[in-house]
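Subject: Structure handover

Hi,

Here is the structure I promised to pass on.

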Amino acid sequence: MTILSILEYPDPRLRIRAEPVKSVDVEVKTLVADMLETMYAAPGIGLAATQVNIHKRVLVIDISEERNQPMCFINPEILSSEGEVSYEEGCLSVPDVFESVIRSERIKVKSLDENGETSEQALDGLLAICVQHEMDHLEGKLFVDYLSYLKKDRLNKKLAKKARLRSKKEQTDRIPTPVI
Ligand code: NI
């Protein structure tokens, strides 16, 4: 298994819409295994293939405290949704940012599992929130897109500052050119 690198906002590749998986073959199974390893290593509770620059409709999630209940959703579709819930979300592609987002409280999801079997599941709580967050990634959408103009502006300023600090650090870390 391989730990894949995770794209970070505002990388434009996070905006690519993912394509449906045609068949759950060895390649897809390997992707699922690699995504799980990447998610556990990050560590995170969910990961969409888009975040590792693979534009296929695949999600992995594990919301268990013991980190031993991996779930996989291939070609997920929301069949119905009910209620509203607000939860402070974070994202592996937007490090150090946590903001409240309103999602549906309960959803019914149809998807394929890692064996290519179709299942329909009624989800609620954190799992329902997580599936909706990850499904947004497959559409090229990020949780920060839901923020108000003011909050988004603040976020962009914070990221610009982070980038400036990083380039300053790179400059100081650079090996000086030998003088002859
Ligand atoms: Ni995310």
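A word on burial before the details: buried means under 20% relative accessible area, exposed means over 50%, and partly exposed is in between, with a 1.4 Å probe and protein chains only. This is a predicted model, in which local features need pLDDT of at least 70 and side-chain atom pairs count only at pLDDT 80 or more, while totals for chains, interfaces and linings use all residues. Residues are numbered from 1 along each chain as its sequence is written, and side-chain values use heavy atoms, with hydrogens and water left out.

Let me start with the metal. Cys91 (SG), His133 (NE2) and His137 (NE2) coordinate the nickel ion at 2.1 to 2.3 Å. Donors here are N, O and S atoms within 2.8 Å of the metal (3.2 Å for Na, K and Ca); water is not among the atoms, so sites may look incomplete. The spacing of the donor residues in sequence is C-x41-H-x3-H. Both histidines sit in helix α2 (residues 125-138), four residues apart, about one turn of the helix. Helices (H or I, at least four residues) and strands (E, at least two) are DSSP runs, numbered from the N terminus. Histidine 133 and histidine 137 are both buried.

Leucine 138 lies in helix α2 too, and counts as buried because its relative accessibility is 0%. Leaving aside neighbours within four places in sequence, its contacts (heavy atoms within 4.5 Å) include Ile16, Ala48, Val58 and Pro76.

Now the salt bridges (a side-chain nitrogen of Lys or Arg within 4 Å of a carboxyl oxygen of Asp or Glu). The structure holds 13 of them. Arginine 13 pairs with aspartate 11 at 2.7 Å, N to O. Arginine 13 is partly exposed, as its relative accessible area is 36%, whereas aspartate 11, at 17%, is buried.

Arginine 15 bridges to aspartate 145, with the closest N and O atoms 2.8 Å apart. Arginine 15 lies in the segment before α1 (26-41) and aspartate 145 in the loop between α2 and α3 (149-173), so this pair ties together parts that are 130 residues apart in sequence.

Aspartate 136 and arginine 103 are both buried. Finally, salt bridges with shared partners join Arg15, Asp145 and Lys152 into one network.

Best wishes
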